[in-house]
Each structure stands twice: as C-alpha cells, then as structure tokens.
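Please look over the sequence and the three-dimensional model below before reading on.

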Amino acid sequence: MKLDEAQRQKVAAWIAEGAKLSEIQNRLTAEFGIKLTYMEARFLVDDLKLTPHDPEPPKVVEPPAAAKPLATTPVAPADGNPAAGGKVSVTVDQIARPGALVSGKVTFSDSQTAEWYLDQTGRLGAADVQDFQLALQQEVAKLGY
C-alpha cells in the first residue's frame, strides 16, 4: 500500500497520539477511504518504521507475605459457662486450596486445630465437618427423621 507524504504524516501523528493499530485501521478507512485488514495495517505501520505505543500493563496486586490471623474471638464453651471461655484463632491461606474460594486453618480454645474452606456456593467445609454431617444423617435416619 502506497501512501503519499501527507497521509504518512497523518498516520505518524495518530501513533504519536497513542492510537492503537485497530484505531489506525479504522481512521484509514474513514479519512482516506483505504480499507485494510488488520494484518495489512500492521505491515503498513512496519513499512513506515512506526511503532504503536503499548498500552500500560495492568498493575499487579501483590499477595500478602504470609497468612495472618483474621480474628481472635473469645467464645463461650458448649456448656454455656462464659467463665471457662477460650479463644479461637483463624488464619487464611495465601493461596486457597483447589476447589475452594478461600481456605485456612483454625485453632480452637482447647488447642485443637483444623483446616477449613468456603466453597463457591459459600458453604463452610472441613474434613471433620463432612464426616460429622454423614454420621449425624445416619443416626437421625435410625430415629426415623
């Protein structure tokens, strides 16, 4: 494709303004009646020894350096006696477990620990919770519920 000097200067000005290759392609059609494919427009810009400006790359958000406790909450024990209450410590994993929206670890007031996760539907899960649900379902079924 041959452009006259005025057209070349116009294309160079568009590139200097930050026009993308697709915009240059559209402007060539609109202003000069020159219809080019995207690849032809690319070759034209290369032939003119012009370089379109790259768009600014998206900013990358750095993940936290390590999992940090999200909460330390005093809780009353199951017997309802607040005087014997303890603390629960929850941490969130830097990278969620496969299949989980978010995951982490919990340390209960009796120093027992467990891993937990929330799935894509917002359900809380842990290995023991699933076993408990299954066992409870079987026991309740024996009672006719």
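Is Arg27 buried, partly exposed or exposed, and what is its relative accessible area? Arg27 is partly exposed, at a relative accessible area of 29%, where buried stands for under 20% relative accessible area, exposed for over 50% and partly exposed for what lies in between, computed with a 1.4 Å probe on protein chains only.

This is a predicted model, in which local features need pLDDT of at least 70 and side-chain atom pairs count only at pLDDT 80 or more, while totals for chains, interfaces and linings use all residues. Residues are numbered from 1 along each chain as its sequence is written, and side-chain values use heavy atoms, with hydrogens and water left out.

Within H3, the buried residues are Ala41, Leu44 and Val45. They lie on the same side of H3, because the arc they cover around the axis is only 95°, the arc being taken from the directions that run from the helix axis to the C-beta atoms. The buried residues of H3 pack against H1 and H2, and just after H3, Lys49 takes a positive phi of about 55°.

The packing of H2 and H3 has an angle of about 100°, with the axes 9 Å apart; axes are lines fitted to C-alpha atoms, for helices over the stretch in contact, and angles run from 0 to 180 degrees between N-to-C directions. H2 is therefore roughly perpendicular to H3, a term that covers angles of 65 to 115 degrees. On the H2 side, Leu21, Ser22, Ile24, Gln25 and Leu28 meet Tyr38, Ala41, Arg42, Leu44 and Val45 of H3, contact meaning heavy atoms within 4.5 Å.

Gln7 is found in helix H1 and is buried, with a relative accessible area of 15%. When its neighbours within four places in sequence are left aside, Gln7 is in contact with Lys2, Phe32 and Ile34.

**Salt bridges**

Side chains of opposite charge can pair when their charged atoms come close. Searching the whole structure gives 5 salt bridges, each defined by a side-chain nitrogen of Lys or Arg within 4 Å of a carboxyl oxygen of Asp or Glu. Among them are the following pairs.

| Pair | N to O distance |
|---|---|
| Arg8 and Glu5 | 3.4 Å |
| Arg27 and Glu17 | 3.3 Å |
| Asp46 and Arg42 | 3.5 Å |

Arg27 lies in helix H2 and Glu17 in the loop between H1 and H2, so this pair ties together parts that are 10 residues apart in sequence; Glu17 itself is exposed, at 59% relative accessibility. Arg8 and Glu5, by contrast, are 3 residues apart in helix H1 and thus separated by about one helical turn, with Arg8 partly exposed at 34% and Glu5 partly exposed at 46%. About one helical turn also separates Asp46 and Arg42, which are 4 residues apart in helix H3; Asp46 is partly exposed at 37%, and Arg42 is partly exposed at 30%.

Definitions and conventions: Helices (H or I, at least four residues) and strands (E, at least two) are DSSP runs, numbered from the N terminus. Angles under 35 degrees count as roughly parallel, over 145 as roughly antiparallel, 65 to 115 as roughly perpendicular and the rest as oblique.
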